Amino acid sequence: MKTAADILTASYLNKSDIRKLFGVGQREAVKIYDLAFQLDKEQLGINQIYDYKVRITSVCKVTGIPLSVLHKQNEHGNTQKEPVGAGSK
């Protein structure tokens, strides 16, 4: 089973990784994935490597959460206590 640290070291994420990293349900993970896939498709075109994974940077753009913030939360153990982005609003 992948941990948040394992997911953050990957360059590409699938829907399950998105669910675990952000603590969202299947429907939300699919929305994030689909938007990130479109972004990859626009930016990479025929050079897109996977048709079942998206770049972690595209996921960060879609969610509005910088990759550096995800790494900091993981370093401080916040991703194990509560999902990323689930803090106070």
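## Arginine 55 and its surroundings

Setting aside neighbours within four places in sequence, arginine 55 is in contact with Ser11, Tyr12, Leu39, Asp40, Gln43 and Leu44. The model in which these contacts are found is a predicted one, and arginine 55 lies there in strand E2, which spans residues 54-55. With a relative accessibility of 17%, arginine 55 counts as buried, because the cut-off for that class is under 20% relative accessible area.

One of the contacts of arginine 55 can be described at the level of side chains: the side chain of arginine 55 makes a polar contact with the side chain of glutamine 43, at 2.4 Å.

## The protein chain as a whole

The secondary structure of the protein chain consists of 6 helices and 2 strands, and read from the N terminus on, these elements follow the order α-β-α-α-β-α-α-α. The protein chain has 89 residues, of which 30% are buried. Among the contacts in the protein chain with a separation of 6 or more, 43% are between residues 24 or more positions apart.

## Glutamine 43

Glutamine 43 is found in helix H3, and its relative accessible area of 42% makes it partly exposed, whereas its polar-contact partner arginine 55 counts as buried. When neighbours within four places in sequence are left aside, glutamine 43 is in contact with Arg55 and Lys61.

How far apart are glutamine 43 and serine 58 in sequence and in space? The two residues are separated by 15 residues in sequence, and their C-alpha atoms lie 9.8 Å apart.

## Aspartate 40

Aspartate 40 also has its place in helix H3, and at 1% relative accessibility it counts as buried. Its side chain makes a polar contact with the side chain of serine 58, at 2.3 Å.

Leaving aside neighbours within four places in sequence, the residues in contact with aspartate 40 are Gly45, Gln48, Val54, Arg55 and Ser58. Arg55 in this list is the residue that is also in contact with Gln43, while Ser58 is the residue whose side chain takes part in the polar contact with aspartate 40.

## Packing of H3 against H4

Helix H3, formed by residues 26-44, packs with helix H4, formed by residues 56-63, at an angle of about 120°, and their axes are 9 Å apart.

Sorted by class, the residues of the contact of H3 with H4 comprise 6 nonpolar, 3 polar and 2 charged.

## Packing of H2 against H3

Helix H2, made up of residues 15-22, and H3 have axes that come within 9 Å and cross at roughly 115°. H2 and H3 are therefore roughly perpendicular to each other, and H2 passes H3 in a right-handed crossing. The residues that make the contact are Lys15, Ile18 and Arg19 of H2, together with Gln26, Ala29, Val30, Ile32 and Tyr33 of H3. By class, the contact of H2 with H3 contains 5 nonpolar, 1 polar and 2 charged residues.

Valine 24 is found in the loop between H2 and H3, and at 24% relative accessibility it counts as partly exposed.

Key
Residues are numbered from 1 along each chain as its sequence is written. This is a predicted model: local features need pLDDT of at least 70, side-chain atom pairs count only at pLDDT 80 or more; totals for chains, interfaces and linings use all residues. Side-chain values use heavy atoms; hydrogens and water are left out. Axes are lines fitted to C-alpha atoms, for helices over the stretch in contact, and angles run from 0 to 180 degrees between N-to-C directions. Helices (H or I, at least four residues) and strands (E, at least two) are DSSP runs, numbered from the N terminus. Ala, Val, Leu, Ile, Met, Phe, Trp, Tyr, Cys and Pro count as nonpolar, Asp, Glu, Lys and Arg as charged, and the others, Gly among them, as polar. Buried means under 20% relative accessible area, exposed over 50%, partly exposed in between (1.4 Å probe, protein chains only). Contact means heavy atoms within 4.5 Å. A polar contact is a pair of N or O atoms within 3.5 Å; within protein, one must be able to donate a hydrogen and the other to accept it, and residues adjacent in sequence count only if both atoms are side-chain atoms. Angles under 35 degrees count as roughly parallel, over 145 as roughly antiparallel, 65 to 115 as roughly perpendicular and the rest as oblique. A crossing is left-handed if the near helix is turned anticlockwise from the far one by less than a right angle, and right-handed if clockwise.
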